[in-house]
Amino acid sequence: MYHNPVLLKQSVDDLVTNPDGIYVDCTFGGGGHSREILSRLSEKGKLFSFDQDLDALKNTIDDSRFTLVNQNFRFLENSMLMYGFSQIDGVLADLGVSSHQFDEAERGFSTRNNAPLDMRMNVMQSLDAKRVINEYEETELADIFYHYGELREARKLARDIVHHRKTKTITTTEDLKKLFSYLPPHKVNKFYAQLFQAIRIEVNQELEALKEMLVQALNILKPGGRLVVISYHSLEDRLVKRFLKNGMFEGEQERDIYGNYKKVFELLKSKAIIPDDKEIEENSRARSAKMRTGIKV
């Protein structure tokens, strides 16, 4: 089951300004955002939706204006060129793991169920969580836990894992959790959420894919085209916020010949949009959501 899409009306309101336009939904999932976008388009409009998860293909929409692309959104630009479009009117990305993926216990995304260490959004890829946990060097694991999970005790966690796997392979989510059974009960839920997030980001190369998609979206958006991104944790949001402001992820922002900073986007709103209390009550996934919209200069 795919749950309700987050910030549905607000995101599509920001996105669709031309009913005859060409739009992309980077994260099709259950198709909630895509169906709403199609409802705003004329017969001339077109929507291309991306999803690397084979499960999402079952939700395809029977509409001549709609194309479902079974690809990671990091291939956005090449895919659109392949379909004959070098410029488009808008890009929407609702990031992170879908409720469906969390609810499918065997996928290994959830901290609630005992499942194989998998966490792959694309089940065809070779890298999974089991391989990360059992084959990565101790320093690599520590970096992942620190940078992607923001866990202060990253080095100790990596050391514990490497020590344990010398005698027994860590194959399930429960095997992994048992290594840290010494944690006080009031810290367990947050800790496991951060740990699983770190591993999942590494398995799916989520931040690298996000960077590539943002750069490509800028390349193919028409002037005045819109980029709408809904993120669910600070690592994603910081990348999106900086890119919309500076057109880059690190380093010094470019200046024009007069010494003024060069803008690539105008922000539609200065602050991120967050769901209201009613939406959070109806859809727990919305609790941490932040939406930012940029208009290409």
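Me: In this predicted model, what describes how the axes of helix α6 and helix α7 lie relative to one another?
Reply: The axes of α6 (residues 138–149) and α7 (residues 154–165) come within 8 Å and cross at roughly 135°.

Me: Why is α6 called oblique to α7?
Reply: Angles over 145 degrees would count as roughly antiparallel and those from 65 to 115 as roughly perpendicular, whereas the axes here cross at roughly 135°, and that makes α6 oblique to α7. The crossing in which α6 passes α7 is right-handed.

Me: Which residues of α6 and α7 meet?
Reply: From α6, E138, L141, A142, F145 and Y146 take part, and they meet A154, R155, L157, A158, R159, I161, V162 and R165 of α7. Sorted by class, this contact has 9 nonpolar, no polar and 4 charged residues.

Me: What makes E150 count as partly exposed?
Reply: E150, in the loop between α6 and α7, has a relative accessible area of 38%; buried would require under 20% and exposed over 50%, so E150 is partly exposed. Its phi is near 55°, a positive value in a residue other than glycine.

Me: Why does L7 count as buried?
Reply: The cut-off for buried is under 20% relative accessible area, and L7 has 0%, so L7 counts as buried. L7 lies in the segment before α1, and its phi, near 50°, is also positive.

Me: How do you know that the span of helix α11 agrees with its number of residues?
Reply: At 1.5 Å a residue, the 13 residues of α11 (residues 234–246) should span 18 Å, and because the end C-alpha atoms are 18 Å apart, the two values agree. After α11 comes G247, with a positive phi near 75°.

Methods
Residues are numbered from 1 along each chain as its sequence is written. This is a predicted model: local features need pLDDT of at least 70, side-chain atom pairs count only at pLDDT 80 or more; totals for chains, interfaces and linings use all residues. Side-chain values use heavy atoms; hydrogens and water are left out. Axes are lines fitted to C-alpha atoms, for helices over the stretch in contact, and angles run from 0 to 180 degrees between N-to-C directions. Helices (H or I, at least four residues) and strands (E, at least two) are DSSP runs, numbered from the N terminus. Angles under 35 degrees count as roughly parallel, over 145 as roughly antiparallel, 65 to 115 as roughly perpendicular and the rest as oblique. A crossing is left-handed if the near helix is turned anticlockwise from the far one by less than a right angle, and right-handed if clockwise. Contact means heavy atoms within 4.5 Å. Ala, Val, Leu, Ile, Met, Phe, Trp, Tyr, Cys and Pro count as nonpolar, Asp, Glu, Lys and Arg as charged, and the others, Gly among them, as polar. The expected span of a helix is 1.5 Å times one less than its number of residues. Buried means under 20% relative accessible area, exposed over 50%, partly exposed in between (1.4 Å probe, protein chains only).
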